[in-house]
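The entries follow in the order in which I looked things up.

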Amino acid sequence: MGSPFLTPGTHSQLNQLALLHLRRDQAIPTVLQLHDDDNAGYKEGKVTTTRFGSFPHTTLTGQQWGSQIIASKVDTGSRRGRGPQKKNRQLKRKADELDSSAATTPAAEAGSGSQSSPQAAVAAASGFLHLVYPTPELWTMSLPHRTQVVYTPDYSYILHRLRARPGSSIIEAGAGSGSFTHAAVRAVFNGYPTTTTTTLTTDEGADATAATLPKKRRLGQVSSFEFHEQRVGKVRQELREHGLEGLVHVTHRDVYQDGFLVGDPQTGTSPKANAVFLDLPAPWLALKHLVRHPASGAESPLDPTSPVYLCTFSPCLEQVQRTVSVLRQLSWLDISMVEVNNHRIDVKREKVGLEYEKVRGAVVFPKSVDEAVSKMRHVEEHSRKYRELQQQQQDEEDSTPLPASLDAVLGKEEQKPVVSESETPAPTTAALADPSSQTSSVPLYAQGRLVHRTEDNLKTHTSYLVFAVLPREWTEEDEQKCREKWPPHRVDQPMQTEKPKGRKQLKREQLQREEAEEQQQQQQQQKHEDAGEESGKIREEA
Amino acid sequence: MHSYVRPNQFVAFKLPSDQTRIQKIVPNTQVFLGKYGTFPANQIIGRPFYLTFDIHETPGEPDSTHLRIVSAAELHAEHLIAEGEGDGDDQEPVDEAATMRTNRDTIDDRSTQKLTIEEIEALKRESTGAGKEIIAKLLESHSAIDQKTAFSLAKYKLRKERKYMKRFTVIPLDVSLLTNYMLQDKEAARTLEMRDEALGLLGCWGNVHHGGSTSFDMETVLANPNGRYLVVDDTGGLVVAAMAERMGILYPHDGDFDEEQQDAHSKVPATTGAHGEQDDEAQPTEGATSRRNRRPQMSAQGNTITLLHANKQPNISLLKYFGYEADDPSESHPLYTNFKTVSFMQLLDPNADSIYAQEPTEIPPQELSTYKSSKRSAYHRKRGRWMRVRRVVDEARAGGFDGLVIATLMDPSSVLKHTIPLLAGSAPVAVYSPNIEPLTEVMDLYSTARKTAFINRRRELVEQRAASEDPIDVKSELEQEFPLDPTLLLAPTLETSRVRVWQVLPGRSHPMMSSRGGADGFIFHGMKVIPTQEHIEAAGNPSRKKRKVVRADETPASSVDGVDVEMTA
């Protein structure tokens with residue numbers, strides 16, 4: 001069947017992991033099932049409830065990936081099989097909903113097994129979500145946290161620098177929450193193993209693939225080590241659910257002590273790793289096992305035919321210093337340390353202007369000096385009129401000297417603005433705005449100035465990354481063999497190879513080259529005869 | 001896997017000056033490294049990568065050049081000694097003042113070095129030991145060497161080593177190296193100032209990976225082609241190379257793991273295995289391809305890259321470093337079958353393309369057999385090209401791609417307009433830009449406010465059409481106001497990564513004092529979704545959000561999606 005992470009196909013399938021995408025940083029992972037062993041008592045079978053409504057899995061299965069799915073009307077109240085705490089749980093569920101962390105609601109067929117076919121779901125009036133296939137990025141965002149997670153900006157760079165490519169073998173120590181594990185599997189994946197004990201990963205298609213393979217290819221694999229037993233169990237369970245079981249070997253192991261062989265620490269099989277990622281508190285303690293010839297006499301966990309790339313992930317500088325020091329002692333080369341600074345950027349339209357009265361998120365403030373001046377003019381004009389009016393009234397009062405109590409005078413004064421405003425046209429701030437923008441027909445979404453800024457929550461430090469390379473072993477014997485095959489001082493006549501050539505020309509040159517070779521041999525013979533003579537050193541630039 | 005230097009392969013040389021030089025290693029030729037020396041290529045062919053060599057030669061004596069492997073211990077010698085001092089005994093209060101040298105009394109002029117330029121030049125000519133004697137002499141004849149602090153002495157020595165050491169390290173040419181080479185040693189603008197960190201992000205957010213089924217067996221692939229990626233690449237092929245590397249189709253020897261496995265088992269077959277390979281590559285193409293039953297160019301179904309290009313010919317010149325010549329691709333290279341190119345004109349208006357539109361008239365075999373061989377092969381070539389273009393263009397137009405990666409000089413929104421509809425549901429989109437402005441514009445085109453307006457306008461138009469009987473073209477009406485359909489992309493996000501390099505030495509760890517400025521590089525990403533055409537009210541009450549408990553390790557939603565509960569669909 002394969003993993004939805006690697007080969008999702010076009011439609012969602014039963015018993016596969018799917019992600020219910022609610023919003024940018026929130027997706028609920030769920031394995032699609034019609035029924036579940038937990039007896040939640042929904043008539044529709046298994047139902048996942050989110051803050052945007054309830055989604056029976058019958059409405060999620062067999063859908064095109066990326067589809068927008070409408071919520072269903074689900075009777076959450078009159079469910080059977082929930083026992084006496086029904087009311088309690090319902091309240092709790094409501095609280096869960098409010099907390100928006102909407103967990104997968106365990107669901108199952110209502111009552112006995114006879115009602116095995118779930119009821120057809122009825123679309124609700126509102127609510128929807130998007131059904132997407134899982135990727136390591138989405139999984140990193142939605143996985144259940146057990147430890148500090150290696151996030152996308154870090155692992156994308158690490159895997160790139162580790163040269164983790166299809167067919168590579170990679171060691172990971174500290175499986176942790178499994179975020180790096182998923183990304184690493186994707187990087188090294190180049191086909192499912194055909195001989196696995198699980199029923200999940202093999203099918204006829206894969207067998208056929210193996211049979212017709214013209215060459216024996218090395219399949220990419222991840223060897224993951226974790227010393228926390230409970231986490232090992234969880235990671236294994238997740239990998240099984242995700243169809244990645246045959247591609248990752250999870251070992252429960254203290255790697256400081258027992259190294260990196262799969263199986264028995266002394267006699268186990270070597271993962272023949274091309275790349276190593278250590279997310280450990282003390283990576284320098286594990287490095288003694290990552291050598292070509294371990295002191296313990298056990299087999300090396302490294303691939304003897306390739307350079308090995310290493311990355312350690314440590315939050316503190318002191319850890320880095322110890323790691324680097326040990327790396328130097330163990331002959332690692334090209335040692336470098338970096339940190340990755342990543343931030344997300346918010347883009348929005350900043351609306352500042354007097355015309356944005358009653359517009360959400362806008363700042364009602366003059367957008368320019370012109371607007372400020374024109375507003376001031378209006379205000380001045382307004383108060384001048386007001387003063388005139390007041391003066392007028394004062395004059396009237398003076399001319400008709402009526403005995404007025406203090407209260408009446410105060411009352412009048414309070415009313416005055418109202419009176420005056422009703423007389424003069426009400427100068428709302430919006431009316432004072434720059435007329436050019438006021439009358440524009442630009443839709444709201446395109447108004448204002450486009451601005452960008454770093455997102456509010458900034459991760460300023462994740463960890464320091466130490467990279468190093470261990471070259472292949474090279475003995476005097478190897479060197480001798482190479483010398484025999486490639487005469488160390490043989491330099492041929494240069495060829496004028498500048499442009500790609502046609503087939504005919506290639507043939508012609510082949511002949512020429514053969515001739516040249518003969519000449520060269522003759523020359524060399526001559527040289528042997530006359531050692532002191534200047535040899536024809538010919539420059540050749542590729 | 002880069003296990004040893006193969007003949008006729010491009011490799012990189014790291015020089016003492018920290019510069020990188022890329023050269024093709026042709027057997028029986030000389031390799032020139034400028035002032036750092038010259039040596040026969042045969043002396044590094046077959047050797048492992050990441051080894052550092054010193055060039056030794058006796059002046060005046062031909063064929064005396066030989067390379068010496070510099071051991072790791074030697075390379076790290078100074079640091080190891082320094083660490084030994086630092087770690088061994090931390091309490092060394094012996095005459096703190098006497099041992100702590102400062103730069104109080106140093107003389108800041110050039111008179112301290114007693115060796116003249118002429119003397120140095122003479123030394124260079126006579127030198128046999130890869131420049132070591134020169135440096136030793138320089139240190140010897142420095143009059144104020146004992147006044148230098150340990151740090152400044154180390155710096156002085158390093159500076160001289162960079163200038164005089166005849167030393168180099170052989171590094172495999174891969175995408176990461178080429179990226180840094182283009183950025184630092186070549187014209188960065190040619191690759192849109194692409195950095196390693198941006199390439200890593202592009203690959204991950206584009207979900208670029210091996211499609212699972214091998215390209216060798218057609219049947220299983222045809223049933224369900226997996227891993228088809230669409231790319232727009234104006235970096236000269238660097239993005240294509242990075243994708244191909246992630247998909248396992250970049251290197252000519254990709255898939256040849258069996259030979260290396262043999263190497264692993266015993267040392268003796270290692271050389272024979274390498275031997276066979278060498279013979280293969282010495283006589284390229286013909287022999288290798290006739291054994292395989294000649295698969296036509298661009299014919300693979302799964303695990304493919306389809307490049308959309310703006311000009312008649314795509315610019316993929318950087319692929320030559322990986323053994324793929326755009327003009328004359330070798331048939332044994334994995335990209336030969338798995339890399340397809342389609343121009344934007346072929347995509348949007350295929351009949352305007354002369355190759356696509358004009359089918360070469362088919363000639364019956366009897367008639368063909370009377371042709372001269374040159375004419376016959378010309379016919380086959382034309383016919384083959386037409387069929388290839390037809391197939392590739394039709395396939396691209398049919399869509400269903402599993403991912404879209406863009407790094408372009410063009411306006412990204414104009415590219416997205418035509419490429420997003422070609423994606424399968426849930427397929428990721430990742431766009432790189434050296435500058436942020438093109439991407440903020442794209443973000444704005446996918447803003448929630450615009451999306452809401454789009455949906456409302458569409459509903460209005462549909463209702464109008466239903467009411468008036470007039471044939472209103474909803475699509476074109478909408479396109480006038482909205483250049484992109486904002487409902488097709490989920491979770492549009494903009495981010496940037498920047499790597500900061502540190503120096504780690506005992507007691508002297510700090511970030512590097514300077515690094516390259518220029519473009520930061522930004523990545524826009526999202527997911528293609530299939531919106532339902534029905535009218536849906538969004539559920540959820542915005543005011544509830546305030547009660548949301550934000551977990552410490554979760555970044556709260558941004559303003560962009562924070563209001564999505566109000567949206568109607």
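**Entry 1: a sheet in chain B.** I looked up the strand order and found an open sheet of 5 strands in chain B, ordered S2-S1-S7-S5-S6, with antiparallel pairing. Strand S2 (20–25) and strand S6 (66–70) of chain B are the edge strands, each pairing on one side only. From one strand to the next the twist averages 35 degrees. I took strands (E, at least two residues) and helices (H or I, at least four) as DSSP runs numbered from the N terminus, and two strands as paired if DSSP finds at least two bridges between them.

**Entry 2: conventions.** I note that this is a predicted model, in which local features need pLDDT of at least 70 and side-chain atom pairs count only at pLDDT 80 or more, while totals for chains, interfaces and linings use all residues. Residues are numbered from 1 along each chain as its sequence is written, and chains are lettered from A and ligands numbered from 1 in the order in which they are written.

**Entry 3: one pair within the sheet.** I then examined strand S5 (residues 52–56) of chain B, which is joined to S6(B) by 5 bridges and runs antiparallel to it. B:Asp54 lies opposite B:Arg68 of S6(B).

**Entry 4: a covered strand in chain A.** I asked how many residues of strand S14 (residues 464–470) of chain A are buried. The count is 5 of its 7 residues, where buried requires 20 or more other C-beta atoms within 10 Å of the residue's own, exposed 12 or fewer, and partly exposed a number in between, with C-beta atoms placed from the backbone. S14(A) pairs antiparallel with strand S11 (residues 308–314) of chain A over 7 bridges, and A:Phe313 has A:Leu465 as its bridge partner. S14(A) also pairs antiparallel with strand S12 (residues 333–350) of chain A, over 5 bridges; here A:Leu333 stands opposite A:Val469.

**Entry 5: a helix pair in chain B.** The axes of helix H7 (residues 175–184) and helix H10 (residues 238–247) of chain B come within 10 Å and cross at roughly 160 degrees; axes are lines fitted to C-alpha atoms, for helices over the stretch in contact, and angles run from 0 to 180 degrees between N-to-C directions. H7(B) and H10(B) are therefore roughly antiparallel, a term for angles over 145 degrees.

**Entry 6: chain B overall.** I recorded 23 helices and 15 strands for chain B. Of its 569 residues, 39% are buried.

Definitions and conventions. Angles under 35 degrees count as roughly parallel, over 145 as roughly antiparallel, 65 to 115 as roughly perpendicular and the rest as oblique.
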